[in-house]
Amino acid sequence: MIENPWLHGLVLGLVVVAVVMGVAAFSIWYERKFAGLLQNRPGPTEVGPWGLGQLIADAIKLLQKEQIVPAAADRPLFLLAPLLVLTAALVPLAVIPWGPGLVGADLHVGVLFALAASSLMLFPVWMAGWASNNKYALLGGMRSVAQGISYEIPLLLSATVPIVLAQSFRLGDIVAAQEGLRWFALWPPGPGTLAFGLFMATALAEANRIPFDIPEAESELVAGVTVEYTGMNFGMFYLAEYLHTFIASALGAALFLGGWDMGPLGAGLHWMVLKTLVLFAGIFWVRWSLLRLRSDQLMELCWRWLVPGSLLLVMAAALWVHLT
Amino acid sequence: MDPAWLSAAAFVAVAAVVAAAALVGARVLGVKARVDAPLKTDTYECGEEPDGAAWVRFHPRYYVVALLFVLFDVETVFILPWALNVEGLGGTAIVAMFAFAAILLLGWAYAVRKGALRWQ
């Protein structure tokens, strides 16, 4: 789009970051409304029509609240963690292709960059857990790390299936390989479909969403690593979680659902956004339908079933590519 | 070097500046107490008085999982370049990778049978 690579990254960065942060803030309202629908209650209603002003009210509230640092905490680390967590959450957006050529940085290792950057979030989360000097926060941080590194392997291996099928790490090439509705989620029916399900499930675990939200587990850990954070410091973690979920949906749409391409219905930004939002809403649906797993059940599920399963899926995809 | 890396660097800079701006903005706009009451900056333990520090020794129950993680993480390093070129490499590469995966899964089965993944 823009010739100068610096300027290209800067302009697209500003636009994408602004829009996605807006979507993430809006999705908090949407999720509360959606949860209300599922649980037969109205959700937010007071501020503005349909409670739409709620997100503005929440933003103002977060901005003007005092940022308390506990006396026992490690002050520099405690204040650094929220900054890093939001930065790490925003970075994977750089490689997500929104349309043909419409990508912040068209890296030839796009998939790896997105997955590596999104797992960087574990460092600030553990930093926050440790620096808070609070037992709940420490336990939440440890659970996050154990869960994050465990589910990283099935996540990476399930994302390898589209890499094998498209023979490229570049997200744009992977989308291009699915042109004409030959989505990897549908075709080949075996490895592609299963890898899509596995990718979305492990992405839920990476983003600490229900049924994998034991690092936060309100009933045991109060709020996990965010227990000592107030005001905007807390808001950063909250926003980062929504961004992480949104990015997982966008990656799922690009890797498995054909991204911006919609076969005979044309191609464009709107299809990519629509597919991302459908997956995003699906994640909300899961959240309000399922229960939380226990910590050891979660690890056992990952290591006993998902890791060998995802390895076999990669092998099956390679056989498919070789034989066809 | 691929010029896309420069775009990526610019993008990361934007992300960091936006995150910092949100925090600094909240610093400027937020209220700030002149004196901190001792109870306010106390560690939160659901209203109980905090019992000792959180920086204590703990049992590394999941160290076996950490070992397995390193193992499988290294394995993905080998799988990824193979996955990128599997179409052009032919049948030998497929057989070789299947053998490699079989050895790995054997080790995984050993770890599972030994109860490495059980919470004791």
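Start by colouring chain A and chain B separately: 82 residues of chain A are in contact with 69 residues of chain B, where contact means heavy atoms within 4.5 Å. This is a predicted model, so local features need pLDDT of at least 70 and side-chain atom pairs count only at pLDDT 80 or more, while totals for chains, interfaces and linings use all residues. Residues are numbered from 1 along each chain as its sequence is written, chains are lettered from A and ligands numbered from 1 in the order in which they are written, and side-chain values use heavy atoms, with hydrogens and water left out.

Stay at the interface for a moment. The size of an interface is often given as the accessible area lost when the parts come together. Here chain A and chain B bury about 6700 Å² between them, 75% of it on carbon and sulfur atoms; buried area is the accessible area (1.4 Å probe) that two parts lose on being put together, summed over both.

Now look for salt bridges elsewhere. Over all chains, the search turns up three. Select Arg32(A) and Asp58(A), whose side chains meet at 3.8 Å, N to O. Arg32(A) sits in helix H1 and Asp58(A) in helix H2 (residues 54-64) of chain A, so this pair links distant parts of the chain, 26 residues apart. Helices are DSSP runs (H or I, at least four residues), numbered from the N terminus. Arg32(A) is partly exposed at 37% relative accessible area, and Asp58(A) is partly exposed at 23%. For these labels, buried means under 20% relative accessible area, exposed over 50% and partly exposed in between (1.4 Å probe, protein chains only).

Next, select Arg170(A) with its two partners. Asp106(A) forms a salt bridge with Arg170(A), the closest N and O atoms being 3.5 Å apart. Asp106(A) is in the loop between helix H3 (75-90) and helix H4 (110-119), and Arg170(A) is in the loop between helix H6 (135-166) and helix H7 (171-177) of chain A, so the pair ties together parts 64 residues apart in sequence. The side chain of Asp173(A) also meets Arg170(A), at 3.6 Å, N to O. Shared partners join Asp106(A), Arg170(A) and Asp173(A) into one network.

Time for some rings. A pair of aromatic rings is described by the distance of the centres and the angle of the planes. Rings of Phe, Tyr and Trp (its six-membered ring) pair if their centres lie within 6.5 Å; planes under 30 degrees apart count as stacked, over 60 as edge-to-face and the rest as tilted. The whole structure has 17 aromatic pairs over all chains. Show Phe196(A) and Phe256(A): their centres are 5.5 Å apart and their planes at 50°, so the pair is tilted. Phe196(A) lies in helix H8 (residues 189-206) and Phe256(A) in helix H10 (residues 231-256) of chain A. Is Phe256(A) buried or exposed? Buried, at 0% relative accessibility.

Finish with Phe280(A) and Phe284(A), whose ring centres are 4.9 Å apart with planes at 45°, so this pair is tilted. Phe280(A) and Phe284(A) are four residues apart in helix H11 (residues 269-287) of chain A, about one helical turn. Now widen the selection: Phe280(A) and Phe284(A) belong to one aromatic cluster that includes Tyr30(A), Trp98(A) and Tyr242(A).

Key: Helices (H or I, at least four residues) and strands (E, at least two) are DSSP runs, numbered from the N terminus. A salt bridge is a side-chain nitrogen of Lys or Arg within 4 Å of a carboxyl oxygen of Asp or Glu.
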